[in-house]
Amino acid sequence: MKAAITADGIRKRYGDIQAVDGVTLTVETGEFYGILGPNGAGKTTTLEILEGIREADEGHVELLGMNPWPRNAHLLPRIGVQFQASAFFDRLTARETIHTFASLYGVGTKPADAMLDRVGLSDLGGVRAEKLSGGQAQRLSIACALVHNPELVFLDEPTTGLDPQARRNLWDLLRDINAEGRTVILTTHYLDEAEILCDRVSVMDHGKVLKTGTPAALVRELDQTTRITVESGVVEASVVRDLLATAGAEVASVEDDGVSLSVATHQPAPVLSVLAEQGALRGLEVRGATLEDVFLHLTGREYRA
Ligand code: ATP
């Protein structure tokens, strides 16, 4: 099957700032694809070039097999672009807003109302868009992007500023959209979100893609130790160290800070059995690497969400 999006060597400069510096990526049809990166990494500019909203200085983009720039009227009914919630029309209610978007695409009011229902906003249809909460406004903006049943959906930080429950509700909606066969490409600051939702991610910084892969493969590639932590005070760190040496288990470190005893290892199984034999499993936590570790490793700095 043909890729939904291919970008080859795209670049964009704003004055002195090289916002996008040679991005090459492919999004397969039906894929859920994430673009991650710190503030100013070039995610939004990249997305806008892929959408055909912004012209690249250099490089080539194919969106559903066509060039999105200059604005390609054949593509517009096939793609959905999430509108920033702040850009809703003044004084329109939620229902009037989605009806307006629907009419732009020649979609009737019935499917528009069904979409409002789908994002759980039916009861708030009569409320002015500017009076909606952040989460409700995000859901309305996604409903507007989906009202014409597009096959490819672009979302720019769709869950920023939402409370944990609203985020999870939106994740369910985005998963459903993707499960229906739509290609979804999003930018996000939330690495847990990318890890849960995305089939593949690209980590960007300074306008370049640093790495692309499935979240699991990127984490595995990092080859970081697993950290096993139990409550302090049941067994001495030196005893654990000796028992693990006798068992032939390779451990990177065994430390006790008076609150927790922590073992860092590539071989969690023998560590867990030694701790179990010592009756020292109280408060057990096993933490493997996450996408956040991958991110920090690649960008070499704290994640600036
Ligand atoms: P964030 O996570 O903060 O949204 P981002 O990764 O989406 O950031 P971009 O918005 O693409 O990054 O911005 C990349 C760089 O280009 C930044 O340094 C930004 O200040 C600059 N930039 C973005 N848009 C413009 C513009 N219209 N004019 C001038 N500079 C811009």
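An oxygen atom of the ligand sits 2.6 Å from an N or O atom in the side chain of Thr45, which is a polar contact (a pair of N or O atoms within 3.5 Å). This is a predicted model, in which local features need pLDDT of at least 70, side-chain atom pairs count only at pLDDT 80 or more, and totals for chains, interfaces and linings use all residues. Residues are numbered from 1 along each chain as its sequence is written, and side-chain values use heavy atoms, with hydrogens and water left out.

- The ligand is surrounded by 13 residues, the closest being Gly40, Lys43, Thr44, Thr45 and His189; a residue belongs here if one of its heavy atoms lies within 4 Å of the ligand.
- α1 gives the most to this shell, with three residues; helices are DSSP runs of H or I with at least four residues, numbered from the N terminus.

**Backbone partners**

- A backbone N or O atom of Gly40 lies 2.8 Å from an oxygen atom of the ligand.
- A polar backbone atom of Ala41 is 3.0 Å from an oxygen atom of the ligand.

**A look at Gln136**

- You will find Gln136 in helix α4, residues 134-146.
- Leaving out residues up to four places away in sequence, Gln136 touches Leu121 and Leu124 (heavy atoms within 4.5 Å).
- Between the C-alpha atoms of Gln136 and Leu162, 26 residues apart along the chain, the separation is 9.3 Å.

Notes:
Helices (H or I, at least four residues) and strands (E, at least two) are DSSP runs, numbered from the N terminus. A polar contact is a pair of N or O atoms within 3.5 Å; within protein, one must be able to donate a hydrogen and the other to accept it, and residues adjacent in sequence count only if both atoms are side-chain atoms.
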